[in-house]
Amino acid sequence: MHLSRRGLLATATAAVSLPATTAATAQRPRQLRTGFERLAHDGYALLDGHKIGIVTNPTGITRDVRHIVDVMHADTRVDLRAVFGPEHGFRGTAQAGGSEGRYDDPATGLPVYDTYLKSGRPLADIFTASGVDTVVFDIQDAGARFYTYIWTLYDCMEAAQLAGKRFVVLDRPNPVTGRAALGPVLHKEFATFVGRQPISQAHGMTVAELARLFNGEFLTEPVPLETVTMSGWKRSDFYDASGLPWVPPSPNMPTPETALVYSGTCLFEGTNLSEGRGTTRPFELLGAEGIDRRWAAAANELALPGVHFREAYFAPTFSKFQGRTIGGVQVHVHDRDVFDPVRTGIALLVTARKVWDGFAWRPDHWIDKLTGSARVRTMIDAGADTDAVVAGWQEELAAFRRTRRKYLLYR
């Protein structure tokens, strides 16, 4: 297999080898250990002698729900100098499209820098000003291309390279498994912060695998990268197999079940329908004024694998249709092993347009940014059914799957 120079560099970037399990522990039931748990178990040897800054948010926790910043700050073996917060902020107080700004963390006294919507040289300057020489990344992802933390990872890797910093990624599970890449691949002319580079809509990778992919395929110059892998994780594992507590990675990702549907139903952000923000079931409840039982009926007629649709009525407390009772569907996944979130999202768009004459795309064509091109929108507008829309991205998806395979770390 031929690899480019960057591909060879990324492939040569070794996952950090930490002590192997003993024969005694090998006989115990399999337990996942995160990248941070393995780093700490090794006495933080990988960070020894380095001035550390960490990109994290409320999901950067230990198994007993202590935040890793608090743990590392209290450990004399770690020279922790700074924290870098993504969208929603380090402590997670900001809603979608917001951040916490620059402040000193009251718990540790550490300076917290805002990375949201910063990239390139301005972000590199922040890393330089912080005085760190190693940037560590530890954030729980949700498995979808438009979840912005993976592009914070990309931007921070690029900025670290520009600033001459070393980069370390501590791995965590993909909560919806790493079995397959699904959906359309981003076209570069549609690149935004919900998709910087051509990966599929549901990427089926962990953040450490994505970091290797970014380094090998997309960064102009690769950053000095090290990844601390998990132990005990299999690509077929859903989040509940991890034994880890779930902390909402963002305010509208309250449960692992939200993540399960998110890579498909987030597409409704690109329409005039509510995607369920302002309810207790964001991305599982979808609707608008004027929609009735016909939508659920039309969606159920498709007999999509692993999912049923319930006629639902709800009143969002914020966002679209705030305080108004609207009709729609609730997505009920009954067999997650066969459920395809992206096909399901497309089917819901197709059927919503069919049964509700008020259906419209957002005027800014945000749907194109979410799907990665104008193809999904124009095909649905032309009357294409679900199968035809899904067939339209299969060639590019197959090419991405071949590229993706080179960077996978787990079976």
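Buried, as used here, means under 20% relative accessible area, exposed means over 50%, and partly exposed lies in between, with a 1.4 Å probe and protein chains only. The model is a predicted one, in which local features need pLDDT of at least 70 and side-chain atom pairs count only at pLDDT 80 or more, while totals for chains, interfaces and linings use all residues. Residues are numbered from 1 along each chain as its sequence is written, and side-chain values use heavy atoms, with hydrogens and water left out. Helices (H or I, at least four residues) and strands (E, at least two) are DSSP runs numbered from the N terminus.

Helix α14 covers residues 394-405. The buried residues in α14 are E396, L397, F400 and R404. These residues lie on the same side of α14, because they cover an arc of only 100 degrees around the axis; the arc is that of the directions from the helix axis to the C-beta atoms. An α-helix has 3.6 residues a turn, so residues three or four places apart point the same way. On the face of α14 turned away from its buried side are the exposed residues E395, R402 and R405. The cover over the buried residues of α14 includes β7 (182-185), β8 (200-202), α7 (207-218) and α12 (375-381), where contact means heavy atoms within 4.5 Å. As for length, the 12 residues of α14 reach 16 Å from first C-alpha to last, close to the 16 Å expected at 1.5 Å a residue. The expected span is 1.5 Å times one less than the number of residues.

Helix α10 can be read in the same terms. Its 15 residues should span 21 Å at 1.5 Å a residue, and the end C-alpha atoms of α10 are 21 Å apart, which agrees. Of these 15 residues, 11 are buried, so α10 is largely enclosed by the rest of the structure. Among the buried residues of α10 are P341, V342, G345, I346 and L349.

The next topic is the nonpolar interior. A nonpolar core is a set of buried Ala, Val, Leu, Ile, Met, Phe, Trp, Tyr and Cys residues joined through side-chain atoms within 4.5 Å. The largest such core has 103 residues, and L153 and F167 have the most contacts inside it. Helix α6 (residues 149-163) gives the most to this core, with 10 residues. Not counting residues up to four places away in sequence, L153 touches F137, F167, V169, V207, L210, A211 and F214. A second, separate core has 21 residues, including F36, I54, L80 and L170.

The structure holds 0 disulfides, a disulfide being a pair of cysteine sulfur atoms within 2.5 Å.

Aromatic rings come next. Rings of Phe, Tyr and Trp (its six-membered ring) pair if their centres lie within 6.5 Å; planes under 30 degrees apart count as stacked, over 60 as edge-to-face and the rest as tilted. A search of the whole structure finds 16 aromatic pairs. In one of them, the rings of F36 and Y44 have centres 6.2 Å apart and planes at 55 degrees, so the pair is tilted. Both F36 and Y44 are buried. Elsewhere, ring pairs link F146, Y147, Y149, Y262 and F283 into a cluster.

Several loop residues complete the picture. F193 sits in the loop between β7 and β8 and is buried, with a relative accessible area of 11%. Leaving out residues up to four places away in sequence, F193 touches Y116, L117, T148, W151, T152 and D155. E284, in the loop between α8 (256-265) and β10 (285-288), counts as buried at 7% relative accessibility. Beyond its neighbours within four places in sequence, E284 is in contact with T255, E257, T258, V261, V329, Q330 and V331.

The last two residues concern backbone angles. Most residues other than glycine have a negative phi, and most peptide bonds are trans. A303 is not a glycine, yet has a positive phi of about 50 degrees. A303 lies in the loop between α9 (293-301) and β11 (307-314) and is exposed, with a relative accessible area of 63%. H365, also not a glycine, has a positive phi of about 55 degrees. The loop that holds H365 runs between α10 (341-355) and α11 (366-371), and H365 counts as partly exposed at 31% relative accessibility.
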